[in-house]
Amino acid sequence: MNIAVIGSGNMGSGLGKIWAKKGHKVIFSFSRNMEKLKELAASVPNAKAATPKEAVEQSDVVLLSVRWPNVQEAIMACGPLSNKTIIDCTNPLKHDLTGLEIGHTTSAAEEIAKLAKGANVVKAFNTIFAEVYQTNSRLFGTRTTTMFYCGDDKEAKSKAEQLIRNIGFEA
């Protein structure tokens, strides 16, 4: 699968590296520092760095892994997202991290779907700390972690399920 990772901080870099090591083609993107993205991409097989628009054009799945205040900017940088599967791992936290900015009458995924016209949004990977994706094992003791996911498109959810299992989680 070709995966655009939009936001390559701890969460995006961790997930992207795992998928690249599993044989997926990963394109790291959306950073203020292209050299940082190139170094990240060079650290694993099957990876490269590109602009968000280039990454989306070359990918089947888009992982949106930016801070909530940067969601709109990131989506706009991606260009057209129609018919793309977006896996949203964001949490709509306030800038000062004191609580949720939204989530009482709407959700982050719903708001992302409004911004990314025509995309199929699946919520996943937002319930586990980024540090877990930076380790060699995602087991808790001997137990496999369950990763919940949610969306309204069967094909998009199937792609998300495959990528969840590739990480080592039960979907």
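In the predicted model, strand 6 (residues 120–123) pairs with strand 7 in the antiparallel sense, over two bridges. Within this pairing, Lys-123 is placed opposite Cys-150 of strand 7. Both strands belong to an open sheet of seven strands with mixed pairing, in the order 3-2-1-4-5-6-7. Strand 3 (47–49) and strand 7 (150–151) form the edges; each has a single partner strand, so one side of each is left without a neighbour in the sheet.

Strand 1 and strand 4 run parallel and are joined by four bridges, with Ile-6 opposite Leu-64 in strand 4. The pairing of strand 4 with strand 5 is also in the parallel sense and comprises four bridges; here Val-61 faces Thr-85 of strand 5 across the pair. In a regular strand, side chains alternate between the two faces of the sheet. In strand 4 both faces are covered, with Val-61 and Leu-63 buried on one side and Val-62 and Leu-64 buried on the other.

Helix 1 lies across strand 1, strand 2, strand 3 and strand 4, and runs at about 160 degrees to strand 2. Helix 5 (residues 108–115) lies across strand 4, strand 5 (85–88) and strand 6, running at about 160 degrees to strand 6. The buried residues of helix 5 are Ala-108, Ala-109 and Ile-112. These residues span an arc of only 95 degrees around the axis, and are therefore on the same side of helix 5. Their packing partners are strand 4, helix 4 (71–78), strand 5 and strand 6. Ala-113, also found in helix 5, has a relative accessibility of 34% and counts as partly exposed.

When neighbours within four places in sequence are left aside, the contacts of Trp-19 are Ile-3, His-24, Val-26, Leu-63, Phe-125, Leu-163, Asn-166 and Ile-167.

The disulfide count is zero. For Cys-89, the closest cysteine sulfur is that of Cys-78, at 13 Å, which is too far for a bond, since a disulfide requires sulfur atoms within 2.5 Å. Cys-150 is likewise in no disulfide, its nearest cysteine sulfur being that of Cys-89, 15 Å away. Cys-89 is buried, with a relative accessible area of 5%, whereas Cys-150, at 54% relative accessibility, counts as exposed.

Definitions and conventions. Residues are numbered from 1 along each chain as its sequence is written. This is a predicted model: local features need pLDDT of at least 70, side-chain atom pairs count only at pLDDT 80 or more; totals for chains, interfaces and linings use all residues. Side-chain values use heavy atoms; hydrogens and water are left out. Contact means heavy atoms within 4.5 Å. Two strands pair if DSSP finds at least two bridges between them. Axes are lines fitted to C-alpha atoms, for helices over the stretch in contact, and angles run from 0 to 180 degrees between N-to-C directions. Buried means under 20% relative accessible area, exposed over 50%, partly exposed in between (1.4 Å probe, protein chains only). The arc is that of the directions from the helix axis to the C-beta atoms.
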